[in-house]
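Welcome to this structure. Here are some numbered notes to read alongside the view below, written for someone meeting it for the first time.

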Amino acid sequence: MTVTLVSVLFVSAALTAIGAFIAAWKRELTAALCGLPVMFAGAGTAFVGVARFGAASGAPLLGQEMAVLLAVAALSAVALGVGLAGRESPR
Amino acid sequence: MDSLHAIGFYVSAALAGAGGILTAFLGGHWRRGLALALTGLGVAGIYASLSAGFAAVVVLICFVAAGALVAKPDYRSVEQAAGAVWRQLGAVGAALLFIGLAYAAFRGQLAHAIFYGGPFGAVSVGRLLFAHDGVATDAIGGLVLVALVGAALAWRRERPRDERETRR
């Protein structure tokens, strides 16, 4: 049993598609927002996989750096979205 | 990559996929937040098995925080205006996206290189973040600041009307 770049990209594609499915399927706005970090995690998985298996030259850990930045960006997007959704209506 | 790492990768991938599907189909704030945290655990396991320990720790913290935000019980639910047909079209689009990406992964002529980094890589990633790509890190930091300020302003609640009138 081994792991190749193809299997990492396959998992990344699955995570991205699941995130897109959550964003499209859920009727409630905050529930649809849950798809955003899953999609970003799919993209981050592809970056980490390429950094692990395919980065022949340049900075080999650039993909890991991108995954970190994507995770932080996804968290800030969820915080803003939940904050806006949780805002009480004017009385 | 040895068998132990490979088993860890596939188990973590299954965990992340199951968590994502549970996030899609479970109802209720608490369950949804828990499923999101489960997805984060799986993604962190994937990263750790790919020798990206630092990214795994960061992504686990981010997913648990996102799950805690989603599990917050007192936010208002906002229904989207899109009808059932558009939601189903979106679901079909997600399936097509998966098929396209999986096809590209199988058919792509992918290079293979030997990895010389360590299992955690905090020093190397930190050097990249703060020395090599400082502008990108600053941009993400600015984005986080704007999002947190916006979320704090949006979360600020108005005092109830009877309490305001009592204070007058």
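1. Start with H4(A) and H6(B), which are roughly parallel to each other because their axes cross at roughly 15 degrees, and angles under 35 degrees count as roughly parallel. The helix on the chain B side covers residues 134-155, and the two axes come within 8 Å. The crossing of H4(A) past H6(B) is left-handed. Please keep in mind throughout that this is a predicted model.

2. Which residues bring these two helices together? From H4(A) come A:Leu69, A:Val72, A:Ala73, A:Ser76, A:Ala77, A:Ala79, A:Leu80, A:Gly83 and A:Leu84. They meet B:Ala136, B:Ile140, B:Leu143, B:Val144, B:Ala147, B:Leu148, B:Gly150, B:Ala151, B:Ala154 and B:Trp155 of H6(B). By class, the contact of H4(A) with H6(B) holds 16 nonpolar and 3 polar residues, and no charged ones.

3. Now step back to the whole contact between the chains. Chain A contributes 67 residues and chain B contributes 77 residues. On the chain A side, the elements giving two or more residues are helix H1 (5-25), helix H2 (29-33), helix H3 (35-53) and helix H4 (62-85). Of these, H4(A) gives the most, with 20 residues. The side of chain A that touches chain B has 48 nonpolar, 12 polar and 7 charged residues.

4. H3(A) and H3(B) pack with their axes 12 Å apart, at an angle of about 175 degrees. That angle makes H3(A) roughly antiparallel to H3(B), since the category takes in angles over 145. Here A:Pro37, A:Ala41, A:Gly44 and A:Val48 of H3(A) meet B:Ala55, B:Val59, B:Phe63 and B:Ala66 of H3(B). The contact of H3(A) with H3(B) has 7 nonpolar residues, 1 polar residue and no charged residues.

5. Next, chain A on its own. Chain A has 4 helices and 0 strands, and its elements run α-α-α-α from the N terminus on. Of its 91 residues, 67% are buried. Among chain A contacts with a separation of 6 or more, 54% join residues 24 or more positions apart.

6. How confident is the prediction for chain A? The average pLDDT of chain A is 86, and 88% of the residues score at least 70. Within chain A, H1(A) has the highest confidence, at 94, while H2(A) has the lowest, at a mean of 86.

7. Is A:Met39 buried or exposed? A:Met39 counts as buried because it has 23 C-beta neighbours inside 10 Å, and the cut-off is 20 or more. Leaving aside residues up to four places away in sequence, A:Met39 touches A:Thr16, A:Gly19 and A:Ala20. The C-alpha atoms of A:Met39 and A:Ala17 are separated by 7.2 Å, although these residues are 22 residues apart along the chain.

8. Turning to chain B, the secondary structure comes to 7 helices and 0 strands, in the pattern α-α-α-α-α-α-α along the sequence. Buried residues account for 28% of the 168 residues of chain B. Of the chain B contacts with a separation of 6 or more, 62% are between residues 24 or more positions apart.

9. Inside chain B, look at helix H1 (residues 3-25) and H2(B), whose axes come within 7 Å and cross at roughly 160 degrees. H1(B) and H2(B) are therefore roughly antiparallel to each other, and H1(B) passes H2(B) in a left-handed crossing. Residues making this contact include B:His5, B:Phe9 and B:Leu22 of H1(B), with B:Arg32, B:Leu41 and B:Ile46 among those of H2(B). The contact of H1(B) with H2(B) divides into 11 nonpolar, 10 polar and 1 charged.

10. Finally, visit B:Ser51, in the loop between helix H2 (29-49) and helix H3 (53-71) of chain B. B:Ser51 has a positive phi of about 65 degrees although it is not a glycine. B:Ser51 counts as buried because it has 21 C-beta neighbours inside 10 Å.

Methods
Residues numbered from 1 in each chain as written. Chains lettered and ligands numbered in written order. Predicted model: local features only at pLDDT ≥ 70, side-chain atom pairs only at ≥ 80, totals over all residues. Contact = placed C-beta atoms within 7 Å. Nonpolar A, V, L, I, M, F, W, Y, C, P; charged D, E, K, R; others polar. Buried ≥ 20, exposed ≤ 12 C-beta atoms within 10 Å, placed from the backbone. Axes fitted to C-alpha atoms, helices over the stretch in contact; angles between N-to-C directions. Parallel < 35°, antiparallel > 145°, perpendicular 65-115°, else oblique. Left-handed = near helix turned anticlockwise from the far one by under 90°. pLDDT = per-residue confidence, 0-100.
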